[in-house]
Amino acid sequence: MPTRASATWVWIVVLPLWSIACVTAFGALWRYGNTPGDPGGKPVGWKVPASLHVASDRPTLLVFAHPKCPCTRATMSAIERLQRNVPGGFETQVVFFEPPDADPSWRRTGLWERAGRLREARVVPDPGGSLAADAGASVSGSVAVVDRDGRLLFWGGLTSSRSHEGDSAGSLAVQAILRGEQARTDRTPVYGCEITRLGDGPSGGCGSKGLEEACHDVDSR
């Protein structure tokens, strides 16, 4: 039977180690959540992928994403806010990656259904990620805003960290651009996971168990 002295010794050793482990884990999660997958520079030679439609009477907001990325839920929320704040001011297209051999059930995700409920929006499947590659989008949640002639007005993300809900430099810039106002920037980082690496893991998350758990943890803030 352990003595009081031995029990005290155990707590003296275990408690500091447990505290260090917790601090290390939260630190890693914070760094992950605040590290962009794309720094937001304009893709070289950018142009609208040929098979994507651009509205002829207003700007078009193009979103390149993975339908199983939990980090991209906040991007969808930002688009919903833009539609409320600038009603009728733009058309939306959400381009979702899918494996080339995916069956229809693969698309049954909350993000895909949520995108389908957006007003004046088209959801475009992207087998193999060719459309995203043509646009230079490597990270889920990459957004391009183009005018009716296809000229790029904005490139980047609509969140200030992974799964961050609320206004950000990107969402405020896009809102200003859509209203015909002067925006503070036209380039912002994109916080998300790599589009073509998602879904490789057994649970269809961010490509690996640890990365998927990190995404879900950040999303629950």
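The largest cavity of the structure is lined by Gln-83, Val-86, Pro-87, Gly-88, Gly-89, Phe-90, Arg-119 and Glu-120, where a cavity is a set of points on a 1 Å grid over the protein atoms alone at which a 1.4 Å probe fits but cannot get out, and lining residues have an atom within 4 Å of a point. The model is predicted, so that local features need pLDDT of at least 70 and side-chain atom pairs count only at pLDDT 80 or more, whereas totals for chains, interfaces and linings use all residues. Residues are numbered from 1 along each chain as its sequence is written, and side-chain values use heavy atoms, with hydrogens and water left out. The volume of the largest cavity is about 60 Å³, and a search of the whole structure finds two cavities of 30 Å³ or more, a volume being the space filled by probe spheres set on the points.

Strand 2 (residues 91-98) pairs with strand 3 (residues 121-127) in the parallel sense over seven bridges, pairing requiring at least two DSSP bridges; within this pairing, Phe-96 has Pro-125 of strand 3 as its bridge partner. Together with helix 3 (residues 110-116), the two strands make a right-handed β-α-β unit, with helices (H or I, at least four residues) and strands (E, at least two) taken as DSSP runs numbered from the N terminus.

Gln-93, which lies in strand 2, is buried with a relative accessible area of 0%, the term denoting under 20% with a 1.4 Å probe and protein chains only. The side chains of Gln-93 and Arg-122 are joined by a polar contact of 2.9 Å; such a contact is a pair of N or O atoms within 3.5 Å, of which, within protein, one must be able to donate a hydrogen and the other to accept it, and residues adjacent in sequence count only if both atoms are side-chain atoms.

Note on methods:
Right-handed = clockwise from strand over helix to strand, strands pointing away. Buried < 20%, exposed > 50% of the residue type's maximum accessible area, 1.4 Å probe, protein only. 1 Å grid on protein atoms, 1.4 Å probe; cavity = no way out; pocket = protein on both sides within 12 Å on 5 of 7 lines; lining within 4 Å.
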